[in-house]
Amino acid sequence: MLKSMTGFGRAEVTRGETTVVAEIKSLNGKQFEVNLKMSPLLKPYEFDIRNILQQELQRGTLDATINIKQNGATRPVVINTELARYYHSAISSMATELSLPQEDMLNVLMKLPEVVTPASEQMEESEWMEVEKVIRTAVSDMDAHRIDEGAMLEKDLLLRIDNILLYTEKVKELDPLRKDKARTRLEGLLAEYVGKENVDANRMEQELIFYLEKLDISEELIRLQNHCRYFKDILAEAEPAKGKKLGFVLQEIGREINTTGSKANDAGIQQWVVMMKDELEKAKEQVLNVL
């Protein structure tokens, strides 16, 4: 199973005159980062909320908003008269200076920050438990989205790795022909510049073996295939958080592809190497979104 780092979750519950709304949006990120916006009543529980999000969602850049709305007069409020006077003085001075009307000043003042606040800034433990349930429901909703997107990511990644394996087989088919071409080219050069009758056959065979060993890519192709199979094994693991591990394996795949290309010395093989690199880059882009 694979999970994406991107997703969205929302939950809303109304109990009596209170409505709790939790919304969570996640994008890809190297670590866990959360931008948390919440009602002042939840400040004492901020650490608990962050812990829930990190434990359940593990990685990504999150925007989380948790609001508590009072639909009626069930919770007493306090009006900060001193702050309202300060706001009134500042607004009146500005209005006079700019020749602006000052009608409906009370309505404006009541909407300003901290003028009207709940009489009690403490939440009962039973209320917090209800809020926690809403948060966990939103997390579960987002997790479902992550799983859906992860399934599409897994399908695409398997396609990329299978293509690399297919191109590896194409390179293996061309490899013996490449060696024959190298032998024929060297024999032709020696015949042209030294003369065929002057060539030491034993010495030439030794030099040819040394030259072909330097160009040999069989080990690189074997390691490349092993890395691809290991990548597919990781995809099949039950652990959902494996984006970093997959990224490391892709780095190893890239090293073997680059080495194969640098040692190939053959136009036909180079074409398949370029196609491998294209598939690898597409896989790297997708892995960035994996949890």
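**Exercise 1. Describe how helix α7 packs against helix α8 in this predicted model.**

Solution. Begin with the geometry: helix α7, spanning residues 243-264, and helix α8, spanning residues 267-287, pack at an angle of about 165 degrees, and their axes lie 10 Å apart. Next, compare the angle with the cut-off, under which angles over 145 degrees count as roughly antiparallel; α7 and α8 are therefore roughly antiparallel to each other.

From α7 the contact draws on G243, L246, G247, L250, I253, G254, I257, N258, T260, G261 and A264, while α8 contributes I269, Q270, V273, M276, K277, L280, A283, K284 and V287. Sorted by class, the residues of this contact of α7 with α8 comprise 11 nonpolar, seven polar and two charged.

**Exercise 2. Starting from H227, work out how helix α6 is placed against helix α7.**

Solution. First locate the residue: H227 belongs to helix α6, which covers residues 218-236. When its neighbours within four places in sequence are left aside, H227 is in contact with V249, E252, I253 and E256. As a further distance, the C-alpha atoms of H227 and G254 are separated by 9.9 Å, although the two residues are 27 residues apart along the chain.

Now widen the view to the helix pair, in which α6 and α7 pack at an angle of about 160 degrees with their axes 9 Å apart. This angle makes α6 roughly antiparallel to α7, and the crossing of α6 and α7 is left-handed. On the α6 side the contact is made by E220, L221, R223, L224, H227, C228, Y230, F231, I234 and L235, and on the α7 side by K245, L246, V249, L250, E252, I253, E256, I257, T259, T260 and K263. Divided by class, the contact of α6 with α7 holds 12 nonpolar, three polar and six charged residues.

**Exercise 3. Characterise the largest cavity by its volume, its lining residues and the elements that supply them.**

Solution. Start with the search of the whole structure, which finds one cavity of 30 Å³ or more; the volume of the largest cavity is about 40 Å³. Next, list the lining, which is formed by A22, E23, I24, L36, I49, L53, A64, T65, I66 and I135. Finally, classify the lining residues of the largest cavity, which divide into eight nonpolar, one polar and one charged.

Conventions. Residues are numbered from 1 along each chain as its sequence is written. This is a predicted model: local features need pLDDT of at least 70, side-chain atom pairs count only at pLDDT 80 or more; totals for chains, interfaces and linings use all residues. Side-chain values use heavy atoms; hydrogens and water are left out. Axes are lines fitted to C-alpha atoms, for helices over the stretch in contact, and angles run from 0 to 180 degrees between N-to-C directions. Helices (H or I, at least four residues) and strands (E, at least two) are DSSP runs, numbered from the N terminus. Angles under 35 degrees count as roughly parallel, over 145 as roughly antiparallel, 65 to 115 as roughly perpendicular and the rest as oblique. Contact means heavy atoms within 4.5 Å. Ala, Val, Leu, Ile, Met, Phe, Trp, Tyr, Cys and Pro count as nonpolar, Asp, Glu, Lys and Arg as charged, and the others, Gly among them, as polar. On a 1 Å grid over the protein atoms alone, a cavity is a set of points where a 1.4 Å probe fits but cannot get out, and a pocket is an open set with protein on both sides within 12 Å along at least five of seven lines; lining residues have an atom within 4 Å of a point. Grid points are joined across faces, edges and corners, and a volume is the space filled by probe spheres set on the points. A crossing is left-handed if the near helix is turned anticlockwise from the far one by less than a right angle, and right-handed if clockwise.
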